[in-house]
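Take a look at the chain below before reading on. Keep the 3D view open while you work through the points.

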Amino acid sequence: MISLHAVTKLYNEGRPGEVRAVDNVSLEIERDAVTVFKGPSGSGKTTLLSIIGCMARPSAGRVLIDGRLVSGLPERFLTEERRSTFGFVFQRFNLIRGLSLLENVTLPAAPLGEDPREVEARALARLEALGLAGKAAMPVEYLSGGETQRAAIARALINDAPILIADEPTANLDTELTHRFLDIVGALRDEGRTVIMTSHDPRIWQADHVNAVISMQDGRIVGEYA
Ligand SMILES: Nc1ncnc2c1ncn2[C@@H]1O[C@H](COP(=O)(O)OP(=O)(O)OP(=O)(O)O)[C@@H](O)[C@H]1O
C-alpha cells in the first residue's frame with residue numbers, strides 16, 4: 001500500500017507566483033493494482049506522481065510505501081528508494097541521443113552490476129513486446145514520437161521495478177499500440193507489480209486492466225472509483 005497523508009506541494013513557496021499544485025491530498029493506492037489519475041491540465045497529476053515516485057518532496061504531509069515513511073528520507077536514501085522501487089515513464093523522455101535504442105533501454109540496469117547479456121536479452125524481449133525489436137540498433141533520435149514513447153516504456157521496465165510510474169504513457173499511441181500497452185500493464189499487474197499513471201485518454205480509464213481511477217482538480221482529489 002502507498003499511503004499519502006495530507007500531502008501538499010507548493011512551488012515558489014512564499015514568493016510571488018506561489019502555486020499550490022497539490023492541496024492536502026490523503027489517499028491510499030493499492031499494490032498489485034493499476035491506478036490512473038485523470039483531471040484537467042494543471043490539476044497536479046504530474047506533481048503528485050513525482051512525489052509518489054520519490055522524485056520530489058512534499059511541502060507538507062507524509063508518504064509511506066508499505067508502511068515505510070519515504071517523504072522525510074535524506075537525499076541519498078531517497079535516490080536509493082527511487083532506483084530500487086520505481087520505473088518511470090515521464091512526459092520528457094530523457095532518452096540519450098547518440099546511443100542506440102537497445103543501449104538506452106539497458107542503461108538503467110548498469111549500476112546494478114547484472115550480467116550484461118541477461119540485461120540485453122530482457123531488453124530485447126521488452127522491445128519485442130512493444131513492437132520495437134527491429135529498431136534495437138537505431139540511434140534514438142531517429143525514432144518517431146510513438147516509438148520514442150514505447151522506448152521509454154521499455155526502459156522503465158528493464159529493472160523489473162515493483163512499481164511502474166507513467167505520465168501520459170499513451171499520448172502519442174494509436175489504438176492498436178494503446179491496447180498493446182494495456183496488455184503489458186495487465187501482465188505486469190498479474191506478475192504482482194503496481195502501475196500508477198496519469199492519463200487524459202478515456203480508453204485507459206475504461207480499460208479492464210485498470211483497477212482505480214482518481215480524478216483531480218486544482219490539486220485536490222474530487223472523485224475516485226474502482
Ligand atoms: N516546477 C514548477 N514550478 C512552478 N510551478 C509548477 C512547476 N511544476 C508545475 N507547476 C504548476 O503546478 C500546477 C500543477 O502542475 P502539474 O504538472 O502537476 O499538472 P498536471 O495535472 O500534470 O498537468 P498536465 O495534464 O498538463 O500534465 C500547474 O499550475 C503548473 O503550472
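The model is predicted. The largest nonpolar core holds 54 residues.

**Strand β3 and its partners**

- Strand β3 (residues 34-38) pairs with strand β8 (residues 194-198) in the parallel sense, over 4 bridges.
- Two residue pairs show this link: Val36 has Met197 as its bridge partner in β8, and Phe37 stands opposite Thr198.
- Strand β9 (residues 212-217) is also joined to β3 by 4 bridges, and these two strands run parallel.
- In β9, Ala212 is the bridge partner of Thr35.
- How well covered is β3? It is mostly covered, with 5 of its 5 residues buried.
- Val34, Val36 and Lys38 point one way from the strand, while Thr35 and Phe37 point the other way.

- β6 and β7 pair in the parallel sense over 4 bridges.
- Gly87 in this pairing stands opposite Leu164 in β7.
- Both faces of β6 are covered.
- Phe86 and Phe88 lie on one side, Gly87 and Val89 lie on the other, and all are buried.

**The four-strand sheet**

- Strand β1 (residues 2-11) and β2 pair in the antiparallel sense over 7 bridges.
- Val7 has Val25 as its bridge partner in β2.

**The nonpolar core**

- Which residues have the most contacts inside the largest nonpolar core? They are Val105, Ile153, Ala154, Leu164 and Ile165.
- Helix α5 (residues 145-157) gives the most to this core, with 6 residues.
- Leu164 touches Gly87, Ala156, Leu157, Leu188, Arg193 and Val195, leaving aside residues up to four places away in sequence.

**Around the ligand**

- The residues around the ligand include Tyr11, Asn12, Val19 and Ala21.
- Gly39, Ser41, Gly42, Ser43, Gly44, Lys45, Thr46 and Thr47 are also among them.
- Which element supplies the largest share of this shell? The answer is α1, with 3 residues.
- β2 (19-29) and α1 (45-52) each supply at least two residues of the shell.
- By class, the shell has 3 nonpolar, 8 polar and 1 charged residues.

**Close-up: Lys38**

- Lys38 is found in strand β3.
- Is Lys38 buried or exposed? Lys38 is buried, because 20 other C-beta atoms lie within 10 Å, and the cut-off for buried is 20 or more.
- Lys38 and Ser215 are 177 residues apart along the chain, yet their C-alpha atoms are separated by 4.9 Å.
- Beyond residues up to four places away in sequence, Lys38 touches Ser199, His200, Trp205, Val213 and Ser215.

**Close-up: Ala136**

- Where is Ala136 found? Ala136 is in the loop between α4 (116-129) and α5.
- The C-alpha atoms of Ala136 and Leu124 are separated by 7.6 Å, and the two residues are 12 apart along the chain.
- Ala136 touches Ser100, Leu101, Leu102, Leu124 and Leu127, not counting residues up to four places away in sequence.

Conventions: Residues are numbered from 1 along each chain as its sequence is written. This is a predicted model: local features need pLDDT of at least 70, side-chain atom pairs count only at pLDDT 80 or more; totals for chains, interfaces and linings use all residues. A nonpolar core is a set of buried Ala, Val, Leu, Ile, Met, Phe, Trp, Tyr and Cys residues joined through C-beta atoms within 7 Å. A residue is buried if 20 or more other C-beta atoms lie within 10 Å of its own, exposed if 12 or fewer, and partly exposed in between; C-beta atoms are placed from the backbone. Two residues are in contact if their C-beta atoms, placed from the backbone, lie within 7 Å. A residue is near a molecule or strand if its C-beta atom, placed from the backbone, lies within 6 Å of it. Ala, Val, Leu, Ile, Met, Phe, Trp, Tyr, Cys and Pro count as nonpolar, Asp, Glu, Lys and Arg as charged, and the others, Gly among them, as polar. Two strands pair if DSSP finds at least two bridges between them.
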